[in-house]
Amino acid sequence: MKAVLIRAQDDGKQTLGHFFLFNGANMLFKCVTLELPDKGNQPQVSCIPAGEYTLKPFDSPNFGKCLTVEDVPGRDLIRVHKGNFFHNTRGCILPGKDFQDFNDDGHLDVTFSQGTLGNLLQFVREPIPFVVIGV
């Protein structure tokens, strides 16, 4: 199994992307993602750089069951956790079903994040390769 995040847009305030899980050539799961913008991999204010990492299940005291991204140079505590708005992340990745500006602030948010994360966790039960493309 392998996870791929393809970033589509960084508007300086947030980064929107598309997340996929593959088993060989078969796509098992897909969702959208919300991250902070690229600010040079600075902790808590930037998304992580494009690259190859490891994604594994994690039980966080702050977020409960989630995923952790390992092997990020100069960073730690990078999680894939529930949240809907760019201010819910401090360098982490928020999964969702779709994009929608449901708080009317002019920025797209992710919908159904908790349910999307729950579905994702059903597939990722052990460490897997994680490739981040773009931005």
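Biologist: Into how many nonpolar, polar and charged residues does the lining of the largest pocket divide?

Modeller: The model is a predicted one. In the largest pocket, the lining comprises 18 residues. By class, this lining divides into six nonpolar, eight polar and four charged.

Biologist: Which residues of that lining lie nearest the centre of the largest pocket, and what is the volume of the pocket?

Modeller: Rolling a probe the size of a water molecule over the atoms shows where empty space is left. The residues nearest the centre of the largest pocket are Gln44, Phe63, Leu77, Arg90 and Cys92. The volume of this pocket is about 320 Å³.

Biologist: How many disulfides does the model contain?

Modeller: A disulfide requires two cysteine sulfur atoms within 2.5 Å. By this rule the count is zero.

Biologist: Which cysteine sulfur is nearest to that of Cys31, and which is nearest to that of Cys66?

Modeller: Cys31 takes part in no disulfide, its nearest cysteine sulfur being that of Cys66, 14 Å away. Cys66 likewise is in no disulfide. For Cys66, the nearest cysteine sulfur lies 8.1 Å away and belongs to Cys92.

Biologist: Why does Cys66 count as buried?

Modeller: The threshold for a buried residue is under 20% relative accessible area. Cys66 counts as buried because its relative accessibility is 1%.

Biologist: Is Asn41 buried or exposed?

Modeller: Asn41 is located in the loop that runs between strand 3 (26-35) and strand 4 (51-60). Beyond four places in sequence, Asn41 touches Ser46, Cys47, Ile48, Pro49, Val72, Pro73 and Arg75. Its relative accessibility is 15%, so Asn41 counts as buried.

Biologist: With which side chain does the side chain of Asn41 make a polar contact?

Modeller: A polar atom of the Asn41 side chain lies 2.8 Å from the backbone oxygen of Pro73. The side chain of Asn41 also makes a polar contact, at 2.7 Å, with the side chain of Arg75.

Biologist: What separates the C-alpha atoms of Leu16 and Val72?

Modeller: Leu16 belongs to strand 2 (residues 15-23) and is buried, with a relative accessible area of 7%. Setting aside neighbours within four places in sequence, the contacts of Leu16 are Arg7, Ala8, Gln9, Thr33, Leu34, Phe99 and Leu108. Leu16 and Val72 are 56 residues apart along the chain, and their C-alpha atoms are separated by 19 Å.

Definitions and conventions: Residues are numbered from 1 along each chain as its sequence is written. This is a predicted model: local features need pLDDT of at least 70, side-chain atom pairs count only at pLDDT 80 or more; totals for chains, interfaces and linings use all residues. Side-chain values use heavy atoms; hydrogens and water are left out. Helices (H or I, at least four residues) and strands (E, at least two) are DSSP runs, numbered from the N terminus. Buried means under 20% relative accessible area, exposed over 50%, partly exposed in between (1.4 Å probe, protein chains only). A polar contact is a pair of N or O atoms within 3.5 Å; within protein, one must be able to donate a hydrogen and the other to accept it, and residues adjacent in sequence count only if both atoms are side-chain atoms. Contact means heavy atoms within 4.5 Å. On a 1 Å grid over the protein atoms alone, a cavity is a set of points where a 1.4 Å probe fits but cannot get out, and a pocket is an open set with protein on both sides within 12 Å along at least five of seven lines; lining residues have an atom within 4 Å of a point. Grid points are joined across faces, edges and corners, and a volume is the space filled by probe spheres set on the points. Ala, Val, Leu, Ile, Met, Phe, Trp, Tyr, Cys and Pro count as nonpolar, Asp, Glu, Lys and Arg as charged, and the others, Gly among them, as polar.
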